[in-house]
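Let's take a walk through a protein model together. Keep the 3D view open and follow along as we go.

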Amino acid sequence: MLVPSRRRLRLEVLIVLGLSLGQSAVYSVVQLLDKMTRAPLAQGTSTLNRSKSSREYFDLTYQLLDIVFALVPVVLVIYFLSEHRAAGDRGTSAFRKLGFNFARPGKDLGQGLGLAAVIGIPSLGLYAAGRALGITTAIIPSALDAYWWTVPVLILSAVRHGIVEEVIVVGYLLDRLGKFGWSVPVAIAASAVLRGSYHLYQGFGPFIGNAVMGVVFALIYTRTKRVMPLVIAHAVLDTVAFVGFSLFGKAVGLG
């Protein structure tokens, strides 16, 4: 089996991040600066799911295309993590290496739901504190028009975020940083800072909250070697936020 050089792995990581969440982090920093130079952050807003067309089925098409193409870097990561051995050898499954499979559905589901509860409640408090301190924008989880497909699309969007973030920022990045010779604490810190960085467009509160979440998720991954519970937890958190706001946000005056 050929072992890629560190130089090749660094280039690989730059390509993956440049096509996915590293790119998002750069845009997020620019968006934060844009908002801060316009008005105080407390007066800004951050909309997570926007309508892309006033025509219902074109909007649906755009939403689904966004979800599908956002998952392409995950496919690339799975490809890079697959260890190609000699001809005829099946090699090591990247899905098994990441723990991104259905090998233990009950346990993964239970851990994911528990983790979502542990992370979700403090996140609400941190958001309220950030708003009170003026370091967090008003977050609008969904601004989609009300169609028959709105809730299913929001659920798919939540699952997309869970897969992209946890597979790339936790499973893939920790694997590659380990191969660079980075210690586990330093790799976890880098992963957490990246997670916080691509949320900076929402303000400094979400940066802090997501960085802390990144540390917790990475620590769990280093112990379990399974990304699936993290994907489930993330998808549940986003589903509650997206769908809950879409159904009840305006009615209760949120956002």
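Start at tyrosine 62, which you'll find in helix H3. Keep in mind that what you're looking at is a predicted model. Is tyrosine 62 buried, exposed or partly exposed? Its relative accessibility is 40%, so it counts as partly exposed, because that label covers whatever falls between under 20% (buried) and over 50% (exposed).

Together with Phe58, Leu65, Val68, Phe69 and Val72, Tyr62 makes up a nonpolar patch on the surface. Which helix gives the most to the patch? That's helix H3, running over residues 56-70, with 5 residues.

Side chains of opposite charge can pair when their charged atoms come close. How many salt bridges does this structure hold? There are 9.

Aspartate 34 has a relative accessible area of 35%, so it is partly exposed. Arginine 38 reaches 68%, so this one counts as exposed.

Next, find arginine 195. Glutamate 165 forms a salt bridge with arginine 195, with 3.8 Å between the closest N and O atoms. This pair ties together distant parts of the chain, since glutamate 165 sits in helix H7 (residues 150-179) and arginine 195 in helix H8 (residues 184-197), 30 residues apart. Are these two buried or exposed? Glutamate 165 is buried, at 5% relative accessible area, and arginine 195 is buried too, at 0%.

Arginine 195 also forms a salt bridge with glutamate 166, where the closest N and O atoms are 2.8 Å apart. Here again distant parts of the chain are linked, helix H7 through glutamate 166 and helix H8 through arginine 195, 29 residues apart. Glutamate 166 has 0% relative accessibility, so it counts as buried. Elsewhere, salt bridges with shared partners join Glu12, Asp175, Arg176 and Lys179 into one network.

Finally, zoom out to residues 148-239. An unreviewed UniProt entry places a feature there, "domain: CAAX prenyl protease 2/Lysostaphin resistance protein A-like". What is this span made of? It is 84% helix and 0% strand, and its end C-alpha atoms lie 17 Å apart.

Methods
Residues numbered from 1 in each chain as written. Predicted model: local features only at pLDDT ≥ 70, side-chain atom pairs only at ≥ 80, totals over all residues. Heavy atoms only, no water. Patch = residues over 30% accessible without salt bridge, like charges linked within 9 Å, V, L, I, M, F, W, Y side chains within 5 Å. Areas by Shrake-Rupley, 256 points an atom, 1.4 Å probe, with all protein chains shown as cover. Salt bridge = Lys/Arg side-chain N within 4 Å of Asp/Glu carboxyl O. Helix = DSSP H or I, 4+ residues; strand = E, 2+ residues; numbered from the N terminus. Buried < 20%, exposed > 50% of the residue type's maximum accessible area, 1.4 Å probe, protein only. UniProt positions renumbered as here; feature names shortened; annotations may be inferred.
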